[in-house]
Amino acid sequence: MTGDADRAEDHSEQMQQARLSPFAEAQPGAASSADSASGRAPPVARLITVIAVAGALVLLTFAVLGYVAARHHDKHDSERMRAALRAGVEDVRPLLKGDEQVDSRLIELLERSSGIPDLKFESDPGARAANAQPVLNADGRIIGFLTWNKEHGLFDLVRPVAFAAIGLALALLIGAGVAVRRLRRHVAALREQERRARAIADTDPVTGLPAEQAMLHRLGVALANREIQEVVTYAVIEFDGIHETHHGDGVASADEILVAISHELAQALPDNAVLGRGHGDQFRIIITETAAVAPILRRALEVLSRPQWLGGLVRIGGHAGYAQAPRDAVGRDDMVRVAGRALSAAARKGSGTVLGYDHAVEMSSQELQFIRRELPRALAAGDLDLHYQPIVTPDGAQITGVEALCRWTHPVRGNIPPGNFIPVAEQMGIMDALGAFVLRRALSDAKRWPDFYVGVNLSPVQVKGPQIVELVRDLLEETRLEPSRLMLEITEGVLVENPDEMIRRINDLRALGVRIALDDFGSGYSNLGYLQRFPIDKLKIDRAFVTPLGRTANAGVIIQAIVALGRALGLKVLVEGVETEEQRVLLRMAGCDEMQGFLFARPVPAKAIDRLAGQQYAAQNGQAAPPADTETVLTA
């Protein structure tokens, strides 16, 4: 239905003013944009300018010093030769009688003694009086002059060189100025592209509300600014059956309903709430200074369930889950995680349910105790395993690497998701041991696939510990794997807590020869400043940007902007979560270097990777390939 975008724009201004003011802080990339706006050259440009100016000053210094030294040398040499000539003329004076001509042999003798070539005896020096020596006879009367042409001394040789050096210095300064100007334009264009991409990512195109990434940033700001006794609530409302809703004479478009819902929610929420759009049919809410949020969320659901709005008999059901700081969590990612758990529990209870997070929502106490008891045993007994998901070229025809993923299949409980036992391992303090197991197994398995690199995720607990560098060094020596075949993946959140320490840690790891990938890029703190500052090799675009491809125009623009940033900074770009052929084609056109997702292969045991590696090797060498594993066949 036409007109949806216009209606969204009509509502957006009112809702932005009413709901965004509590957390209107600048985004993390604002500092970088400010540098561009102020016209200040980036560090690389300033370095080029300093080098060019220094080179020009050196050339000018040598030119001036050479010029002065040559003139001084020629002046001293000329005075010495003139003195020698005067002395020679005085010596031969007794031999000169009357007005007779000076004998040519005497002139040759004077040339040798003075060092002045081509002396001539003339009665009148004329225009060459500056280079003339009077000749007196024995009676003291001038009988003529010895003249010579102006000497071509060292100054005559140095002068063109000095002028060339000055010209070169000026050319260097002009060239540097042009280069810096172009570089500043290029960096400014990149920052503007980043700003536009972030603006697109930060605003939902349908409702005009803050998008998911913007809400995550605002949640981080709210938590960082929280007073000791203040409560910060993060809630998620999910609606049922929007795409199947009918009203009036026909079908109401999903976008039209979302716009109407956003308007009704904005009216139902208090002034200290920030409303934003999530993915799908979800809306995100941040509420400060109010602990009793369940009644607020229930009222919002009740308002939306009334059939009087949207110009027809429309009734929409929904449920909500929320988490509160500091009761449930204090970090942004933890708040999002536990709120999602509460939302899932509310969905199971049915429409109209509002649930806050508690441990019963995420995991029963029995389940938690079970994992706490069994996980150390499984780790000690070697019951954990690794599966590997292939990473492929943009055409999907060739594997370039694999990502190692930890799996736990309990003999009684069966498969236990990593999302359940990894947080427990971090809480119990055994994440270092678990991480060491994963890294050792991944490096050992990777030796079987010489054409692939292996990516290993490092948990924040591992990266923050200084022992990670020694662990990686020891395991590389133990397994004798080429360091460049190891790609360590870290998340953005780790980088911002202690940037200086993390830069040293990453540099120490890269000094071993391994490569560093920034995982889930775009999910939180991403900006050009961080990419310039941290020594990383690859960006992994978060799957949240891949899912909307083909459904919204903005998704492709964001991907292209991230790829452009990566290209400008010399970084490879890997995109994860590719599940459809349409997504693959669009990502390939955007310029992504590598892809990963269910479209190509699911995570599989190492033996399945053995078969895929054998098939690829055989295909590349013109041999008959072994039978393909039906669960891991790559798209052609």
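Modeller: Two strands pair if DSSP finds at least two bridges between them. Strands (E, at least two residues) and helices (H or I, at least four residues) are DSSP runs, numbered from the N terminus. This is a predicted model, in which local features need pLDDT of at least 70, side-chain atom pairs count only at pLDDT 80 or more, and totals for chains, interfaces and linings use all residues. Residues are numbered from 1 along each chain as its sequence is written, and side-chain values use heavy atoms, with hydrogens and water left out.

Colleague: What makes strand 11 and strand 12 a pair?

Modeller: Nine bridges link strand 11 to strand 12 (residues 399–410) in the antiparallel sense, and the criterion asks for at least two. One of the bridges sets L386 against C406 in strand 12. The two strands form a hairpin with six residues between them, and G396 in the turn has a positive phi of about 75°.

Colleague: How do you know that strand 11 also pairs with strand 20?

Modeller: Strand 11 and strand 20 (residues 604–605) share two antiparallel bridges, and at least two are required. Y388 stands opposite V604 in strand 20.

Colleague: Why is strand 11 called largely enclosed?

Modeller: Buried means under 20% relative accessible area, exposed over 50%, and partly exposed in between (1.4 Å probe, protein chains only). Seven of the nine residues of strand 11 (residues 384–392) are buried, so the rest of the structure largely encloses this strand.

Colleague: What makes a set of residues a nonpolar core?

Modeller: Such a core is a set of buried Ala, Val, Leu, Ile, Met, Phe, Trp, Tyr and Cys residues joined through side-chain atoms within 4.5 Å. The largest one has 82 residues, of which Y388, L434, V472, L486 and L488 touch the most other members. Helix 13 (residues 431–446) gives the most to this core, with eight residues. Another core, of 28 residues, lies apart from it, and includes L265 and V293.
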